[in-house]
Amino acid sequence: QVQLVESGGGSVQPGGSLRLSCAASRSIFSFYTMGWYRQAPGKQRELVALTTKVGTTNYADSVKGRFTISRDNAKNAMYLQMNSLKPEDTAVYYCRGGVKFDSWGQGTQVTVSS
């Protein structure tokens with residue numbers, strides 16, 4: 001089982017940017033799919049973005065054009081660049097990965113508020 005640890009969350013004003021990181025405890029080369037999810041208070045966890053080892057990406061409509069997902073197999077890491085942040089982006093962000101896509105990190109809080 002791989003351990004995933006998110007970092008990079010914080011508080012930012014609307015229109016600001018943050019870059020989230022997900023560090024894996026071992027090689028992610030064999031993880032075909034990795035993804036970012038988020039959960040806002042009182043809401044279900046939802047998909048934000050996915051990336052595959054062959055380079056394909058998929059985004060929720062709400063973040064298209066603002067967020068960019070990437071992975072660095074050499075560093076055993078995945079990233080989420082978030083630009084033009086909105087208050088509705090406020091949530092705990094989780095990374096997901098693993099050979100069976102069944103490992104989750106503990107989450108990192110992102111708060112967008114003026």
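## First stop: Gln39

Select Gln39 and Lys43: a polar atom of the Gln39 side chain lies 3.1 Å from the backbone oxygen of Lys43. A polar contact is a pair of N or O atoms within 3.5 Å; within protein, one must be able to donate a hydrogen and the other to accept it, and residues adjacent in sequence count only if both atoms are side-chain atoms.

Before continuing, please note that this is a predicted model, in which local features need pLDDT of at least 70 and side-chain atom pairs count only at pLDDT 80 or more, while totals for chains, interfaces and linings use all residues. Residues are numbered from 1 along each chain as its sequence is written, and side-chain values use heavy atoms, with hydrogens and water left out.

Gln39 belongs to strand 4, residues 33-39. Helices (H or I, at least four residues) and strands (E, at least two) are DSSP runs, numbered from the N terminus. With a relative accessible area of 29%, Gln39 is partly exposed. Buried means under 20% relative accessible area, exposed over 50%, and partly exposed in between (1.4 Å probe, protein chains only).

Next, display the surroundings of Gln39. Residues up to four places away in sequence aside, Gln39 touches Gln44, Arg45, Ala91, Val92 and Tyr94; contact means heavy atoms within 4.5 Å. Ala91 is 52 residues from Gln39 along the chain, yet their C-alpha atoms are separated by 5.2 Å.

## Second stop: the whole chain

Zoom out and colour by secondary structure. How many helices and strands does the protein chain have? The chain comes to 0 helices and 11 strands. The C-alpha atoms fill a box of roughly 40 × 25 × 25 Å along the principal axes.

The radius of gyration of the protein chain is 13 Å, which agrees with the value near 13 Å for a compact globule of 114 residues. The radius is taken over C-alpha atoms, and the globule rule is 2.2 Å times the number of residues to the power 0.38.

Of the 114 residues, 44% count as buried. Among contacts between residues at least 6 apart in sequence, 53% join residues at least 24 apart. If a surface is displayed, the chain exposes about 5900 Å², of which carbon and sulfur atoms supply 48%; accessible areas come from the Shrake-Rupley method with a 1.4 Å probe, and for residues only the protein chains shown count as cover.

Which two residues does a disulfide join? Select Cys22 and Cys95, whose sulfur atoms are 2.2 Å apart. A disulfide is a pair of cysteine sulfur atoms within 2.5 Å, and by this rule the count comes to 1. The link of Cys22 and Cys95 is right-handed, with 55 degrees about the S-S bond. The pair links distant parts of the chain: Cys22 is in strand 3 (residues 18-24) and Cys95 is in strand 9 (residues 91-97), 73 residues apart. Cys22 is buried at 1% relative accessibility, and Cys95 is buried at 0%.

Now select strand 3. Because 5 of its 7 residues are buried, strand 3 is largely enclosed by the rest of the structure. Two strands pair if DSSP finds at least two bridges between them. Strand 3 runs antiparallel to strand 1 (residues 4-7), joined by 4 bridges, and pairs with strand 8 in the antiparallel sense over 6 bridges.

Return to Cys22: Glu6 stands opposite Cys22, and in strand 8 the bridge partner of Cys22 is Met78. Ser21 in strand 3 is the bridge partner of Ser7.

In a regular strand the side chains alternate between the two faces of the sheet.

Select Thr51 in strand 5 (residues 46-52). Thr51 is buried, with a relative accessible area of 4%. Beyond its neighbours within four places in sequence, the contacts of Thr51 include Tyr32, Ile69, Arg71 and Met78.

Finally, select Asn76, in the loop between strand 7 (67-72) and strand 8 (77-82). Asn76 is not a glycine, yet its phi is positive, near 55 degrees. Ser84, in the loop between strand 8 and strand 9, has a positive phi of about 50 degrees and is likewise not a glycine. Ser84 is partly exposed, at a relative accessible area of 41%.
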